[in-house]
Amino acid sequence: MAETKWVYSFGDGKADGDAQLRNLLGGKGANLAEMSNIGLPVPPGYTITTEVCTAFYANNREYPAGLKEQVEAALDAVAKSVGMVFGDAANPLLVSVRSGGRASMPGMMDTVLNLGLNDETVEGLATKSGDKRFAYDSYRRFIQMYSDVVLEVDHHNFEDILEYYKEEHEYALDTQMTSDDWIDVIDRYKKCVVEHLGSPFPQDVHEQLWGAIGAVFGSWKNTRAEIYRRLHDIPDSWGTAVNVQAMVFGNMGETSATGVAFTRNPSTGERALYGEFLVNAQGEDVVAGIRTPQSLTEAARVAQGDKLPSMEEAMPDAFKELSAVFARLESHYADMQDVEFTVQEGKLWMLQTRNGKRTAKAAIRMAVDMVAEGLISEETAISRVDPASLDQLLHPTLDPDAKRDVIATGLAASPGAASGEVVFNSDEAAALKADGHNVILVRVETSPEDIKGMHSASAILTARGGMTSHAAVVARGMGRPCVSGAGTLRIDYKAEQFTATGVTVKKGDIITVDGSTGQVILGEVPMLQPELSGDFAQLMVWADKHRRMRVRTNAETPMDAETARKFGAEGIGLCRTEHMFFDESRIVAVRQMILADDEKGRKAPLEKILPMQRDDFRQLFEIMSGLPVTIRLLDPPLHEFLPKTEEEIEIVAKDTGMSADKLRHRLHELAEFNPMLGHRGCRLGISYPEIYEMQARAIFEAALLAAEKTGAPVIPEIMVPLVAMKSELDWLKARIVAVGNAVEKEKDQSLTYSIGTMIELPRAALMAAEIAEAAEFFSFGTNDLTQTTFGISRDDASNFLGTYLGKKIITQDPFVSLDRDGVGELVRIAAERGAKTRPDIKLGICGEHGGDPASIAFCEEVGLSYVSCSPYRVPIARLAAAQAAINNANKAG
């Protein structure tokens, strides 16, 4: 039997793998192989596959047989390629060890640079390079990074040693330090390791290598990586690859540099090189935000007012070569690339390329531009934009005419704007968010440990870091506004305050962060509603052209209905009539109706409610102007409309003219142990038919009025909730039809309408063939269908679903994304059985899942007619429906 191949080599213009092996080699390894294959200058190395990671965790952190020998052979090949020897005192090969999962997780996992240095090889590097300072700078970096990542001696220990040393010697910058200074610092670093571990820093280079490989695999399960995967729906089972690569050095003097760049602007989508570099530095310096970097292009330098020269000016030959590489990469991948590079003594080396993360605004512009450029098709453009990311564009921005008390300005690292309370700690940000506060996370610089707080924050503000710092990259990926590198901020964590331009801002104070301009503003600034035009409108035109399912909205107020129409809704899929009952002008009449002793007593307050309901429906019909409107008849238990506290009971008794004692007695009669499964939905309509009859009359009369005003035919869809048996629907349908006949006779006009039901109980799904004999449409109420299928109350689920997610019992909250296996199977059964009875039956979904892209993909698979979602999710649903249709067509093809 052939030995499993665990290690894939790359470099020297060839590679064992290519971009197609992303799942096996991870994104970084696959792209290093691909760049090697197309002849770009890539330092040689090898990738240990994701299958090793899987085996590592499956076998109690033991490596599979044969891995050690394959790693040694690949390492020998790298050494031969560069003419160096790993561990050799005179001619040492140094390597980097980096993670690389199939999905990009910037900053979430561990990296080690300069591996292979020890007390002997550092002398060899100094002699070979002719630069003793460079050699010892590299060694101290390695000790610091390896100790933090592998030996788990926190990096702050080393940063404190270095800062103290610089103060002691009155150095402002690292670059002022000599080789002798670094030798002294290294000695202090090594003593720190002994103090923490009781053993010396490892000198055996092979021990170093396997320690780093183990740390990278181990980092797949670290807390920040697990949080990131949960937030971005990345399965634990994917694992990470490890990339070991010959080092190239950006810290070999003024002709060396390192940088991070994007082939287009990841914030705006503009077709212009975007990025930063640092002279005489290593890659971690750029992304860590420790030194504020320089602009790549002269245009960017001028725009940002930088005094230091751009790469275009400082290193014109390397910049020209880099620009040509960018053009080739974008053409090859047909997408915007995020690139890491190093210039070693004037020679350009490519260290990584990947499809770059981008804001929603940038993603749309790039997609539209690339179609115009002939790089991609409309279908590909549609697939390039994450539907959920559109949320960034659908919410307010700062009013440009509003007064702004600007107290600081930094880099516009991630667009959008938000106001909130200042908070300096990530855990506190998460806690305050959970309590309903809007918070702005303020940090000197963020690190991967801040991921939870960044996700909870409305915006992020940092004093240090550039456009490609951790804060900027993660904020853009999350769609959070971010201002980074606001250098005038003086942050005092202990006092929980910061100062800027003489203003002191304390924890809890309100500030506004404008990630589009880089401004930090004292207080709250008014916002403007978004304008959805230009590239966004073009993308939506393509999405509408390629999707099959219609997209409706859940709305019961004119404002919601108008917002949804603006966002492209094609009707109302769910109007919850009970929401209208809580209005102050009608709640008294509603309560009188509920508290009445008999039908006669209920009819008087219902007569008061009728014109109000009629006007509600008329407005919705007029706004939708001929588009379908599905109105759900009263669903919740009656006690929801009644008072809960003694104080409220006294007020309601006074309002309704009923004694407080009688009111308490009625409350006792209506009380239920499990209201979710109690006297609600169609059961109310059967017990109190006059309620549904009043609502039906209001719908029919409103339809005639709206049709007369707009000239567009109104065809209401009347939905009976919580049906479990066909006999329930038959009984109520007869009464609704009778009301319709009466209105036609009274008004001497004919009505066109349909009557259907919500499928929200497992029995209804299983009996769909029979129910479809009476129902002209089904709307899947997946909120309740999920509750009744799982036997979980959504209101109480938060008490344990978080634990289930944490312990991997479930991978998704079933109330957020539809449970395909259980709830989805019931939807599939009901859709198939309903269509068998009534081939033209209209099938929709109106739960929260109607705005979830993954759930929409399922709806396309089972052939639903439409999805319905909240107004602000309508564009998301339009795009997701198009993507689902394209994916289904591709599978079929």
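User: How far apart are the end C-alpha atoms of helix α1?
Analyst: Only 15 Å. This is a predicted model. Helix α1 covers residues 22-37, 16 residues in total, and a straight helix would reach 22 Å at 1.5 Å a residue.
User: Where is the kink in α1 centred?
Analyst: On lysine 28. The kink is about 80 degrees.
User: How many residues of α1 are buried?
Analyst: 13 of the 16, so α1 is largely enclosed by the rest of the structure.
User: And what follows α1?
Analyst: Glycine 39, with a positive phi near 85 degrees.
User: What about cysteine 869?
Analyst: Cysteine 869 is in no disulfide either. Its nearest cysteine sulfur belongs to cysteine 859, 11 Å away.
User: Is cysteine 869 buried or exposed?
Analyst: Buried, at a relative accessible area of 2%. Cysteine 859 is buried too, at 1%.
User: Now aromatics. How many pairs turn up?
Analyst: The whole structure has 14 aromatic pairs. Ring pairs link one cluster of Phe56, Tyr57, Tyr63, Trp210 and Phe217.
User: Which ring does the charged end of arginine 552 sit over?
Analyst: The ring of tyrosine 866, 3.8 Å from its centre. Likewise, the charged end of lysine 347 sits over the ring of tryptophan 349, 4.6 Å from the ring centre.

Methods
Residues numbered from 1 in each chain as written. Predicted model: local features only at pLDDT ≥ 70, side-chain atom pairs only at ≥ 80, totals over all residues. Heavy atoms only, no water. Buried < 20%, exposed > 50% of the residue type's maximum accessible area, 1.4 Å probe, protein only. Disulfide = S-S within 2.5 Å. Phe/Tyr/Trp six-rings, centres within 6.5 Å; stacked < 30°, edge-to-face > 60°. Lys NZ or Arg CZ within 6 Å of the ring centre and 35° of its normal. Helix = DSSP H or I, 4+ residues; strand = E, 2+ residues; numbered from the N terminus. Expected span 1.5 Å × (residues − 1). Bend = angle between axes of the 7 residues up to and from the residue.
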